[in-house]
Amino acid sequence: MGRKSESGENLEFPTSVKEQAFRLNQERAPRGCVGYYCEWCYFSNVQRRYFHVDHLVPASRMKEYGMTVAELTSLKNACVLCEGCNASKLNFNFPRLGVGLAFRAPNLNMTHGERRQSALDWD
């Protein structure tokens, strides 16, 4: 199951890469983020079910960037996004503004401090 390349290779991250991405996400969490956090909108929560490991370079743009399947599914191309940011990303390089769970589900956001109280600055 999952996405396949034209040659039939799996384009999804291996379980070991997903586990590493989630571990690093917790270890490198910015001050104020509790548990896991979205690397785009800074939504944070201790429950992993709100998060997905996603490609920095989308699978649909693999050829455009000259990437191999191994590079596409490596830890270097992995990021942790909340459900909202991941769903809005599609085949673009980044999520749309204001769609993350930090904006859509503030009651679930466990981020403490300024990040939770103020809108993100895009400038």
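Buried means under 20% relative accessible area, exposed over 50%, partly exposed in between, with a 1.4 Å probe and protein chains only.

A word on the source. This is a predicted model: local features need pLDDT of at least 70, side-chain atom pairs count only at pLDDT 80 or more, and totals for chains, interfaces and linings use all residues. Residues are numbered from 1 along each chain as its sequence is written, and side-chain values use heavy atoms, with hydrogens and water left out.

Now the aromatics. Rings of Phe, Tyr and Trp (its six-membered ring) pair if their centres lie within 6.5 Å; planes under 30 degrees apart are stacked, over 60 edge-to-face, the rest tilted. That rule gives 5 aromatic pairs. Take Phe-22 and Tyr-36: centres 5.4 Å apart, planes at 75°, so edge-to-face. This pair links distant parts of the chain, with Phe-22 in helix H1 and Tyr-36 in strand E1 (residues 36-37), 14 residues apart. Helices (H or I, at least four residues) and strands (E, at least two) are DSSP runs, numbered from the N terminus.

Next, Phe-43 and Tyr-50. Also edge-to-face: 6.0 Å centre to centre, 80° between planes. Phe-43 is buried at 0% relative accessibility. Tyr-50 is buried at 10%. Ring pairs join Phe-22, Tyr-36, Phe-43, Tyr-50 and Phe-51 into a cluster.

Last, the cores. A nonpolar core is a set of buried Ala, Val, Leu, Ile, Met, Phe, Trp, Tyr and Cys residues joined through side-chain atoms within 4.5 Å. The largest has 20 residues; Phe-43 and Phe-51 are among those with the most contacts inside it. E4 gives the most, 5 residues.
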